[in-house]
Amino acid sequence: MIQFSIIIPHKNTPLLLRRCLDSIPRREDIQIIVVDDNSSQDQVDFEHFPGLNDPYVEIVFTKEGKGAGYARNIGLSKAKGKWLLFADADDFFTENAFGYLFDYIDSPHDIVFFQAVSCHSETYEPANRANRYNRLVDNFLKNVIDAEDTLRFTWWVPWGKMIRAEFIQKENILFDEVIASNDVMFSAITGFFAKSIDAVDCVIYCITSRMGSLIKTKSAEYLTSRYIVRLWYNAFLKKINKKHFQFANIRYLYLSLVNYGAKLFFNFFYLAIIYHDNLFSAKNRLILKKAFFEKTKS
């Protein structure tokens, strides 16, 4: 029986993908699925693609170029394991990760959260990208007030947790096929539908920081995608009476004005009105006033 299906979207980082694959043991009960999101031929040698001749690695080459959300959905359609794990191609699992993971294959919970570490991809020097998520686990384990809901609704990434595949299939939960923030709604919806969750004080994953990664990509298109997903997220939380976890989307209006000008700012403002997003608290008015001041000064 396959215990874990590991889904890895990939685009144009074959050396980092190789590192990620090398961190996963080859076993009959682990299914490894790599979905290539239309990588460029001048950046990837497809004849020597990482895992291509590995009997434990299933590789799907897509030509649509629809992003990581689409690639992850392709992976979900091919997953056969009891549990789902997600990894980004430029990250990797820690040395003892699968020892810890296999300790929990009989867990009664729908999601089990673990801890992570972070490093700079090229130098392996420590970074801080995992700190926030580790605090969520710590607070849950310490029974801090509201810690369970905070873990359910503000762990916005798919890595660092094992998710019961049967529950995902039953609820038909998929990733948004957008160019940025494809995982936010998937994470929030799985957090909502999970009958029970658990967290473990064990490190299973290393999230890297590197120039050129999607999270560091800056453009009006990427900013718009992130903003729209956050509007969806806030609307969802309002619907399920969890408004106190909503994003402060005023930051995105600020960034749109300062970095891209009035046209994008007013487009964002219009979307906020459509989605009934709260922009008019005293704090938000102060941020907007500061943004206009900085824009007129420049």
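How do the axes of helix 9 (residues 250-260) and helix 10 (residues 262-274) cross, and within what distance do they come? In this predicted model, the two axes come within 7 Å and cross at roughly 160 degrees.

**Helix 9 and helix 10**

- Angles over 145 degrees count as roughly antiparallel, and the crossing here is at roughly 160 degrees, so helix 9 and helix 10 are roughly antiparallel to each other.
- If you want the handedness too, the crossing of helix 9 and helix 10 is right-handed.
- On the helix 9 side, the residues that meet helix 10 are Tyr252, Leu253, Ser256, Leu257 and Tyr260.
- Their partners in helix 10 are Ala262, Leu264, Phe265, Phe268 and Phe269.

**Aromatic rings**

- When you look at a pair of aromatic rings, you describe it by the distance of the centres and the angle of the planes.
- The count for this model comes to 25 aromatic pairs.
- Take phenylalanine 175 and phenylalanine 186: their ring centres are 3.8 Å apart and their planes are at 10 degrees, so this pair is stacked. The cut-off behind that is simple, as planes under 30 degrees apart count as stacked.
- Phenylalanine 175 sits in the loop between helix 6 (165-171) and helix 7 (184-193), while phenylalanine 186 is in helix 7, so the pair ties together parts that are 11 residues apart in sequence.

**Arginines over ring faces**

- Arginine 27 lies over the face of phenylalanine 102, at 4.0 Å from the ring centre.
- Arginine 251 does this with tyrosine 252, lying over the ring's face at 5.4 Å from its centre.

**Two asparagines with positive phi**

- Asparagine 12 isn't a glycine, yet its phi is positive, at about 65 degrees.
- You'll find asparagine 12 in the loop between strand 1 (4-10) and helix 1 (14-22).
- Asparagine 38 isn't a glycine either, and its phi is positive at about 55 degrees.
- Look for asparagine 38 in the loop that runs between strand 2 (30-37) and strand 3 (57-62).
- Why does asparagine 38 count as partly exposed? Its relative accessibility is 29%, and partly exposed covers what lies between under 20% (buried) and over 50% (exposed).

How values were computed: Residues are numbered from 1 along each chain as its sequence is written. This is a predicted model: local features need pLDDT of at least 70, side-chain atom pairs count only at pLDDT 80 or more; totals for chains, interfaces and linings use all residues. Side-chain values use heavy atoms; hydrogens and water are left out. Rings of Phe, Tyr and Trp (its six-membered ring) pair if their centres lie within 6.5 Å; planes under 30 degrees apart count as stacked, over 60 as edge-to-face and the rest as tilted. Helices (H or I, at least four residues) and strands (E, at least two) are DSSP runs, numbered from the N terminus. A charge sits over a ring if NZ of Lys or CZ of Arg is within 6 Å of the ring centre and within 35 degrees of the ring normal. Axes are lines fitted to C-alpha atoms, for helices over the stretch in contact, and angles run from 0 to 180 degrees between N-to-C directions. Angles under 35 degrees count as roughly parallel, over 145 as roughly antiparallel, 65 to 115 as roughly perpendicular and the rest as oblique. A crossing is left-handed if the near helix is turned anticlockwise from the far one by less than a right angle, and right-handed if clockwise. Contact means heavy atoms within 4.5 Å. Buried means under 20% relative accessible area, exposed over 50%, partly exposed in between (1.4 Å probe, protein chains only).
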